Structures are given as structure tokens and as C-alpha cells.
Number of protein chains: 2
Amino acid sequence: MDLLASFKQFIQKEQLFLPGNKLLLAVSGGLDSVVLTDCCIAACYDIVLAHCNFQLRGAESDRDEQFVRKLASKYNKTVLVRKFDTEAYAKEKKISVQVAARELRYNWFFSLLDAHEADLVFTAHHRDDNIETLLMNFFKGTGIAGLRGILPKQNKLVRPLLFASRADLQAYAEARDLQWVEDSSNASDKYARNYLRHQLVPVLQELYPQVSENLAANIQRFRDIESLYHQAISMHTKKLLEVKGNEVHIPVLKLAKADPLNTIVYEIIKDYRFSPAQTNEVVGLLTSETGKYVQSSSHRILRNRKWLIIAPLAAEDAQHLLIESTGTINFKEGKIRLEESAAADFTLSADPKIAALDAKHIRFPFILRPWKKGDYFYPLGMQKKKKVARFLIDQKLSATAKEKVWVLEMNKKIIWVVGMRIDDRFKVTNSTKSILKITLETA
Amino acid sequence: MDLLASFKQFIQKEQLFLPGNKLLLAVSGGLDSVVLTDCCIAACYDIVLAHCNFQLRGAESDRDEQFVRKLASKYNKTVLVRKFDTEAYAKEKKISVQVAARELRYNWFFSLLDAHEADLVFTAHHRDDNIETLLMNFFKGTGIAGLRGILPKQNKLVRPLLFASRADLQAYAEARDLQWVEDSSNASDKYARNYLRHQLVPVLQELYPQVSENLAANIQRFRDIESLYHQAISMHTKKLLEVKGNEVHIPVLKLAKADPLNTIVYEIIKDYRFSPAQTNEVVGLLTSETGKYVQSSSHRILRNRKWLIIAPLAAEDAQHLLIESTGTINFKEGKIRLEESAAADFTLSADPKIAALDAKHIRFPFILRPWKKGDYFYPLGMQKKKKVARFLIDQKLSATAKEKVWVLEMNKKIIWVVGMRIDDRFKVTNSTKSILKITLETA
């Protein structure tokens with residue numbers, strides 16, 4: 001294999017960078033990054049080297065830093081070096097040292113891009129890294145994203161050596177008489193990746209001599225499969241999702257017919273911080289009553305009549321708020337307070353901002369939401385139903401004022417057009433023993 | 001695990017058979033099929049046992065047959081037994097003994113279904129079989145079809161134990177004190193499957209204790225991914241393919257924009273016996289000249305102007321025949337013969353079934369095809385072009401006769417309205433040295 005020719009071809013075929021781009025090379029000093037540097041030099045790319053000293057291997061870490069500094073001066077290129085207190089960072093963030101090193105490394109690289117030191121980051125990941133990642137994901141359990149491996153280009157991260165095997169890099173380095181440093185942590189089977197590399201892959205190769213080539217070809221196919229998978233998912237979501245302000249509304253009947261249901265549901269909810277394990281709960285909402293919901297750290301999925309409504313939890317944003325008990329709740333147009341009291345202790349008020357309802361008829365949860373076309377209720381004092389739209393016209397509200405009207409709904413019935421009129425069916429009568437008092441406070 | 005309860009649940013969830021169905025149980029006498037039989041008896045299903053004696057293991061094969069006969073009489077059920085000369089069959093068909101056994105087995109089962117001995121075939125494949133299949137496909141290289149494993153139901157083949165692990169079956173058999181026979185070929189690492197089972201899976205389990213569960217969960221997800229993949233593929237093929245009689249026409253410009261191109265092309269051509277390796281050649285047709293083609297054992301994909309045309313090779317079916325040299329070619333309406341001769345030896349004929357063209361203007365390949373709307377040519381004796389449709393009206397052809405008119409095309413020009421009129425631009429003149437004579441012979 002003519003590595004340099006293949007390197008240039010791969011860059012062109014995958015359109016990895018544009019003429020004039022300055023490239024930040026992540027250089028540890030190991031075989032892979034030394035070969036990457038040499039290839040970039042040979043191809044006359046405009047490069048700057050970057051080396052992270054994670055200070056995890058004592059003198060060896062410093063040896064590596066010195067080596068990379070010398071490498072840069074050999075090629076007459078700039079090298080940026082940063083020392084990290086990786087262990088302290090890991091401890092503080094309560095993450096593993098490996099994850100910490102990864103975070104520190106990429107955060108620094110991206111800050112260098114932000115500071116216009118370069119346009120893209122080049123890393124020396126090669127085909128065998130990709131195969132190892134594939135195998136780890138596969139054995140740990142994965143969807144399609146874990147099968148398509150590392151991408152040649154992802155945003156500003158470029159892996160121009162993905163086409164080459166470790167053996168290809170080694171042969172190139174030997175032919176060009178390149179020097180590199182060995183990372184002693186590579187030699188042990190301490191990490192899963194190393195175990196795979198040194199134990200499992202050789203066993204597989206005995207059984208399937210072409211296994212590395214087969215797995216590399218799988219990765220190519222899985223990349224296409226993933227792309228088609230996402231095309232199908234977006235075909236479904238286009239049909240299913242109706243964006244309304246900061247909410248997403250999904251018609252229950254349509255969603256129930258989507259196939260394969262669980263995977264489509266998961267692809268919809270994962271953008272709102274729901275976990276794979278919550279998929280079944282959300283599917284359960286398809287056959288549940290109005291008012292049931294499933295919640296993530298940022299969103300709630302609420303069953304409301306024939307809709308699932310994905311709404312942000314933050315009250316100031318929500319268009320559908322769930323009220324499950326008495327207390328106070330903030331919403332876009334103000335705040336409402338719900339309290340229960342004995343009828344004997346209560347004096348009825350004419351203030352439309354205070355609703356008094358017969359608690360006998362009340363069952364939580366309520367839904368607090370803006371009124372919409374098609375809403376109707378039985379205005380206090382009337383024996384027949386009236387469209388809310390008609391009611392608002394009769395109240396002579398301006399178009400702007402109408403937009404700010406919310407309703408309080410219980411079991412598909414509007415019990416209060418908030419701040420204006422309660423429903424006649426829930427009014428306090430002589431036989432009322434307990435009263436639910438709801439007060440609107442506007443800012 | 002309550003295996004019997006899970007068995008019934010799995011059958012119900014996957015809708016594996018209908019009430020009243022008679023089930024043919026494939027029973028080798030090994031653990032898996034003995035447990036399957038016992039579960040079906042316990043669930044009161046209507047079963048008949050079927051045992052293949054492949055006569056590959058001498059006395060052991062006969063021992064197994066006797067065992068299964070006794071098993072059937074223990075449960076008071078019918079058993080169908082068939083002896084096969086597997087080695088002779090394998091030799092005759094030039095296939096491995098394993099493939100031969102598989103073919104014989106399923107051919108016999110399906111012939112039993114055809115003879116109304118039963119409605120469905122039940123086999124005892126379990127979760128670990130599925131995982132082994134997944135691993136073998138994965139290491140040998142696969143697309144999505146090889147990842148989703150064995151299906152619980154495929155046509156009339158049902159695998160009702162796919163939910164259970166080998167250990168689950170073993171526990172059930174021991175609890176119910178069931179007897180079974182061991183296949184001595186199972187004990188060796190002779191076959192890849194056994195190697196995986198006995199060598200690789202234990203190594204994996206050491207590294208990833210949950211690996212079997214993870215892989216089983218992968219299979220579930222991959223099944224959904226495959227289904228979405230096919231949805232996306234059929235979205236593309238619906239847009240791209242135009243079926244015309246027994247041909248499929250694909251607009252080149254549209255296909256070139258399809259993404260991911262190679263996978264979509266492969267999914268289109270694989271139904272016409274093209275191999276994955278031919279995908280790149282077919283993609284090459286997108287930038288080739290008219291007349292280039294790629295061929296499988298049954299079909300040809302022909303570049304014709306702005307179209308790719310997938311046509312059967314059998315001449316009597318084809319609507320687009322490629323002619324690459326002089327000689328004779330059969331088509332739907334008869335036969336045409338092409339021959340070249342010196343002008344000096346030639347006498348022009350008035351027979352419209354004989355075309356004489358100046359060979360100087362001729363470059364193979366030709367395409368022989370039915371005329372279509374929009375076709376035009378320069379009828380012999382005219383200096384300007386004329387629509388073929390208009391020409392046929394002037395010829396006073398009946399509607400049926402018009403449907404049988406074909407044209408011979410060269411490099412996007414019609415050179416002959418077959419059996420009727422040649423194109424003026426290709427006529428023989430005083431300066432003609434060599435003549436291409438084309439004769440139409442109708443049945």
C-alpha cells in the first residue's frame with residue numbers, strides 16, 4: 001500500500017478539508033500521530049501540532065512532551081503544548097481518568113479553533129481503532145449509531161487515517177525510518193480496548209482470517225444503513241409531529257399505527273432527554289387516560305385527549321401545565337393558587353379572578369392551557385354549552401387579549417375560563433360542603 | 001424463569017400460530033427439541049413429530065431415531081421418520097454435507113406441509129443459536145439482514161423458543177426430568193458454530209458478563225432497524241423505478257442524486273441476480289455512454305440516453321435488445337439478420353423488410369426497441385424530420401399493427417423503422433463502398 005497516495009485519495013474522496021484550511025494535528029508522539037504528521041508534511045498541508053501532557057505517567061509523560069517538541073522542530077512547525085492536572089479534574093468532576101483526559105483534550109482543541117489557531121482538528125484514528133470501537137459497542141449492546149463506527153469527518157473533527165490499518169502505519173513508519181514513543185499503558189490489558197486488541201482480535205483472526213477486512217466493510221455498510229434508517233425516521237416524524245410554539249403535539253391514533261412503534265417512539269423522545277428505558281412508559285400513554293404523563297429531566301409527555309403533548313417542564317415556557325393537587329402554579333400569564341375550604345367558612349366573591357367550585361365534582365389532575373378553537377363550556381348561569389370563541393367575542397376582548405386567555409380543564413371538561421367565568425356544572429350550590437377556590441394573580 | 005409461561009406468552013406476543021393449526025415439530029432428539037416437544041404437549045397444542053435420520057453417524061443416528069420414536073409413543077403422538085442418504089445427495093449436488101442435510105430436511109418438511117400433514121413447522125432454535133448466527137454473520141461480513149438474526153416466524157417456519165437461552169432449556173429439562181440424546185458432533189470444535197459456542201463466547205463473557213443479553217437485545221433493535229431500512233429503500237424505489245411491461249426504467253439524473261447511492265443501487269439490482277460486486281459497475285453506467293451495459297445471469301442493465309433499463313436477457317421477453325455486431329437476433333415480433341457486404345456485390349431491393357444502409361455511418365451498438373411517443377426520424381426521401389407517430393398514421397396502420405412496430409436506434413438516432421422505412425441520413429449513395437444489410441423475418 002502506498003500510504004501517502006491513499007491518504008490523499010481518502011481526503012479527496014471524503015472531502016475532508018478545503019484548500020487553505022489550517023489543520024491542528026493532535027500529536028501524542030505515538031506511532032499513529034507521528035505517521036499522521038509525516039503524511040501531512042509530505043502532502044504540504046498547512047499544519048500546527050498540539051500536544052496534551054496529561055501528567056498521568058510521571059517521567060514518561062514529560063519524555064513524550066519533549067519528543068513532540070523535537071518532532072515539531074524537525075519539521076520546522078509550531079507546536080502548542082498544554083499540561084493538565086488530569087487526576088484533579090477527574091476527582092472534581094467525579095469521572096474516570098480516561099473520560100477526564102478525553103474532555104480536557106477536546107475542550108482544549110476546540111478552544112484553539114475558537115481562537116483561530118486552526119480551522120480543523122486532525123486525529124490519527126485508524127481502521128483498527130474503528131474496528132475496536134465497533135466490537136466494544138457491539139458486545140456492550142448498541143443501536144445503529146454504535147455500528148457505523150468513527151466517522152471520517154464530524155463537525156470540525158477529521159480522521160484522515162481511518163482507511164489504514166495499524167500494520168499499514170507501521171510499515172510506512174519503518175520505510176520512512178520514523179521514530180516514535182511507546183505509551184507503556186498500551187502494553188497492558190488494563191483497558192477493554194487493549195484486551196480486545198491483544199486477546200480477542202487474534203482469536204477471531206484465527207477463525208476468520210479476513211475478520212478485520214470484513215468488519216471494516218461492515219462499518220461502511222452500516223454507515224449507509226444508518227443514513228437510510230434516519231431517512232425513514234424523519235419520514236415518520238414529519239408525518240407525526242406538529243410543532244406548536246415550544247411544544248410538540250402527536251396524534252395518538254396515528255402514532256399507534258407507526259411501525260416499528262418502540263423504535264420510532266424512542267427516536268422521537270430521545271431529543272427531550274428521555275432514556276431508552278422510558279420508551280415503554282411512553283408507549284403506555286397511547287392506551288392511558290387523559291392526564292397521565294411521563295417525565296424527563298427537562299420535559300413532560302402528557303396524554304391529553306387524542307394527543308401526546310411534549311412540553312418543557314419550565315413553567316414559563318409550557319403551554320400545557322399539569323396540576324395534580326392544590327397549591328400554587330406559575331404559568332405564562334401569571335400564577336394561580338388552588339385551596340380547598342369548608343363551605344361554611346367561605347364567602348362567595350364577584351371577582352372573576354376568583355373561581356369557587358364545588359369540590360365534590362373535582363378530580364385531579366387538571367390541565368392549564370391556552371384556549372383553542374373548538375373549546376366549549378357551560379358559562380355560569382347558562383344551561384347550554386357555548387363555544388369559548390363565541391364567549392370571548394361577547395366579552396368584547398381585543399385580539400391580543402384573546403390570545404392571553406387560558407382555560408382550566410378537568411377530564412376533558414373546561415371548568416374555568418381563567419379569570420373570566422366558571423362552568424355552570426361545577427358551581428357552588430346550597431348543598432355544597434367543600435369548596436375549591438382558585439385565584440388568578442396576574443403580574 | 002417459568003419456561004412454559006414464557007413460551008405461551010412469546011407465542012401470543014409474536015402471533016406465531018392460529019387456533020386450530022396443526023404443528024409439525026422438527027425433533028432430532030437433542031435437548032432443544034425434547035424441551036420443545038414437552039412444552040407443546042404441556043400447552044395442549046395439536047402436534048405431529050418429524051425426525052430426519054441423515055445416516056451420518058452410524059449407530060448413533062439409529063439410536064436417535066429410536067429415541068424419537070419412543071418419545072412420540074410416550075406422549076402418544078404420531079411421528080414421521082425419513083432416512084436420507086445425505087452423503088450421496090451432497091456428492092451429487094456438489095455441496096457440503098451440512099448444506100445437504102439442511103436442504104433435505106426443509107424440503108421434506110415443506111413436502112409434508114404440502115401433503116397437509118400439518119400447517120406450520122416448529123423448530124427448536126433458541127436465543128443462543130440466534131446469538132451464534134449473529135456473531136458468525138458479523139465476523140464474516142454482513143448487511144442489516146445478517147444482523148437481525150433468525151426471525152420468530154418466516155412464512156411457515158416458526159421458532160417458538162427464540163426467547164429462551166440454552167441454560168433455560170437445560171433447567172426446564174432437569175426440573176421435568178426429561179431425557180434426551182447427545183449428538184457427538186456437537187462436542188467437538190469441528191464447525192465454526194461449535195468453535196464460537198465453546199471458545200469465543202466464554203472469552204467474551206469473561207470480558208462482558210452481560211454479553212449474551214446485550215447481543216439478544218441488539219437482535220431486537222436490529223430487527224426494527226432493518227424494518228426502517230426497508231421503508232427507506234422502498235421510498236427511494238417508489239420514486240425511482242418505472243415498470244414498463246417486463247422492464248424497469250430508472251431516470252439517470254434522479255438516481256444519481258439518490259443517497260446513499262451504492263446501497264440504494266444494490267437494493268434495486270439484487271432482485272435481478274446482480275451481485276454486490278456489480279454495484280460499482282452499475283453506478284458507473286450513470287456516467288457512461290448510451291449502449292453500455294452490465295449483465296447478470298438473468299438480466300441486463302442498459303444505459304439508454306437518460307435512462308437505465310433493466311431488461312430480461314431472454315429475447316422473447318425483452319423490450320430493449322442490444323445489438324453489438326452483425327449476426328441474427330430474435331425479438332418479440334420476429335428475427336432480424338445483419339450482414340455487411342461490398343457495394344459492388346449488392347443489388348438494392350424495394351422490399352421494406354430489407355434495409356440497406358451505408359456502413360460508413362454505422363457504429364455498434366444498436367438498440368432494438370418498440371417505437372414510442374416523441375420518436376422521430378428522417379424518412380428515406382425526405383430532407384426534414386418526421387415524428388414516427390405521424391409516419392405510422394400516414395402509413396394507415398391499425399392500432400394493433402402500430403403496437404407491433406419496432407425501431408432500430410444507433411447513438412440516439414433511429415436508423416430504421418423496422419420493416420417499413422430507413423432513415424435518409426444512412427441511405428446508400430453512389431459513393432457507398434460497404435453496405436450493412438438488415439433483413440426482417442416475421443414468423
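Q: What makes a residue pair between chain A and chain B count as a polar contact here, and how many such pairs are there?
A: You need a pair of N or O atoms within 3.5 Å; within protein, one has to be able to donate a hydrogen and the other to accept it, and residues adjacent in sequence count only if both atoms are side-chain atoms. With both residues at pLDDT 80 or more, 16 residue pairs between chain A and chain B pass. This is a predicted model, so local features need pLDDT of at least 70 and side-chain atom pairs pLDDT 80 or more, while totals for chains, interfaces and linings use all residues. Residues are numbered from 1 along each chain as its sequence is written, chains are lettered from A and ligands numbered from 1 in the order in which they are written, and side-chain values use heavy atoms, with hydrogens and water left out.

Q: Which elements of chain A supply the side that touches chain B?
A: Helices and strands here are DSSP runs numbered from the N terminus (helices: H or I, at least four residues; strands: E, at least two). On that basis α6 (127–140), α9 (192–207), α10 (211–240) and α12 (261–269) of chain A each supply at least two residues. The most comes from α10(A), with 16 residues.

Q: What makes a residue on that side nonpolar, polar or charged?
A: Ala, Val, Leu, Ile, Met, Phe, Trp, Tyr, Cys and Pro count as nonpolar, Asp, Glu, Lys and Arg as charged, and the others, Gly among them, as polar. Sorted that way, the side of chain A that touches chain B has 26 nonpolar, 9 polar and 5 charged residues.

Q: How do you know which residues of chain A and chain B are in contact?
A: Contact means heavy atoms within 4.5 Å, and 40 residues of chain A meet 39 residues of chain B that way. The two chains bury about 3500 Å² between them, 72% of it on carbon and sulfur atoms; that's the accessible area (1.4 Å probe) lost on putting the two parts together, summed over both.

Q: How do you know how the two copies are related?
A: Superpose them by least squares on the C-alpha atoms of residues with pLDDT of at least 70 in both. A rotation of 180 degrees with 0.0 Å of shift along its axis puts chain A on chain B (RMSD 0.1 Å). The copies are therefore related as by a two-fold rotation axis. They share a surface, too: 98% of the contact residues of chain A recur in chain B.

Q: Why is the pair B:E65 and B:K83 called a salt bridge?
A: The term asks for a side-chain nitrogen of Lys or Arg within 4 Å of a carboxyl oxygen of Asp or Glu, and this pair has N to O at 3.1 Å. B:E65 sits in helix α3 (residues 59–75) of chain B and B:K83 in strand β3 (residues 79–83) of chain B, so the pair ties together parts 18 residues apart in sequence. Over all chains the search finds 57 salt bridges, but between chain A and chain B the count is 0.
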